[in-house]
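Thanks for asking me to look this one over. Here are my notes, meant to be read with the structure open beside them.

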Amino acid sequence: MKVVRRSYVMTARKDAAELTATRLVGAMQELFAERRYDDITLDAVAERAGVTLQTLLRRFGSKAGLLAAAAEDGLARVEQQRSGAVGNDLRGCVKNLFDHYEEWGTISLRLLAEEERIPEIAGITARAREMHAKWVEQAFAGALAGHRSVARQRLHAQLVVCCDVYVWKLLRRDLGHSRAEAERVVLGLLESLMPTQKEG
């Protein structure tokens, strides 16, 4: 019975520790969307997560360690979400893209604004760019398959640009378009690049 009890206690402690880590990562992501990296303090993260600073430091060691954990969590969630795009369904791909940017666009823009100053952030944005290029390859595989060499590279670059976070920012924030109208604009751009996949 003692062995069973000890196992139960250890499992409960592990679950509690994982929950605490999840809260800390979420708090870091929330604060990063609100302010510059240099303006985020570990005290603020701990307070947002409802834990002590000592608990945060025991788990992640430093601000850089917490940033790395928050980035890993974010990239994994983004990859899972964006895997929902289905080739040959332009409208579905655009919806998938906007689902992503409506949730992660603010953080993405913050990362891009700070990547030149902070090496750790530059590493995150490099991985995000690779992920975006891979998503374009998968989402528009049919259209890309119809081109070779230079023409394929050019089309891929055009698709990457059309689906970039700065296009979302321009349409949604700078021009003030509704999400529905912004999606129609991007859909039109994609259809102009891939007329054979134009929807009726």
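Predicted model: local features only at pLDDT ≥ 70, side-chain atom pairs only at ≥ 80, totals over all residues.

1. The largest nonpolar core contains 30 residues. Within this core, Leu 24, Met 28, Val 45 and Leu 66 have the most contacts. Six helices each supply at least two of its residues: α1 (2-34), α2 (42-49), α3 (53-60), α4 (63-82), α5 (90-114) and α6. The biggest contributor is α1, which gives 7 residues. As general background, nonpolar side chains tend to be buried together in soluble globular proteins.

2. Next, have a look at helix α6 (residues 119-139) against helix α8 (residues 149-162). Their axes come within 10 Å and cross at roughly 115 degrees, so α6 and α8 are roughly perpendicular to each other. The crossing in which α6 passes α8 is right-handed. On the α6 side the contact involves His 132, Ala 133, Val 136 and Glu 137, and these meet Arg 152, His 156, Leu 159 and Val 160 of α8. By residue class, this contact of α6 with α8 has 4 nonpolar, 2 polar and 2 charged residues.

3. The second pair is helix α9 (residues 165-174) with α10. Here the axes lie 9 Å apart and the packing angle is about 135 degrees, which makes α9 oblique to α10. As α9 passes α10, the crossing is right-handed. Val 167, Leu 171 and Arg 172 are the α9 residues in the contact, while α10 brings Arg 179, Ala 182, Val 185 and Val 186. In the contact of α9 with α10 there are 5 nonpolar residues, no polar ones and 2 charged.

4. Which helix holds Leu 187? This leucine sits in helix α10 (residues 179-193).

5. What does Leu 187 touch, leaving aside its neighbours within four places in sequence? The contacts are Leu 90, Arg 91 and Val 94. For Val 94, the separation from Leu 187 is 93 residues in sequence, yet the C-alpha to C-alpha distance is 6.6 Å.

Conventions
Residues numbered from 1 in each chain as written. Heavy atoms only, no water. Axes fitted to C-alpha atoms, helices over the stretch in contact; angles between N-to-C directions. Helix = DSSP H or I, 4+ residues; strand = E, 2+ residues; numbered from the N terminus. Parallel < 35°, antiparallel > 145°, perpendicular 65-115°, else oblique. Left-handed = near helix turned anticlockwise from the far one by under 90°. Contact = heavy atoms within 4.5 Å. Nonpolar A, V, L, I, M, F, W, Y, C, P; charged D, E, K, R; others polar. Core = buried A, V, L, I, M, F, W, Y, C linked by side-chain atoms within 4.5 Å. Buried < 20%, exposed > 50% of the residue type's maximum accessible area, 1.4 Å probe, protein only.
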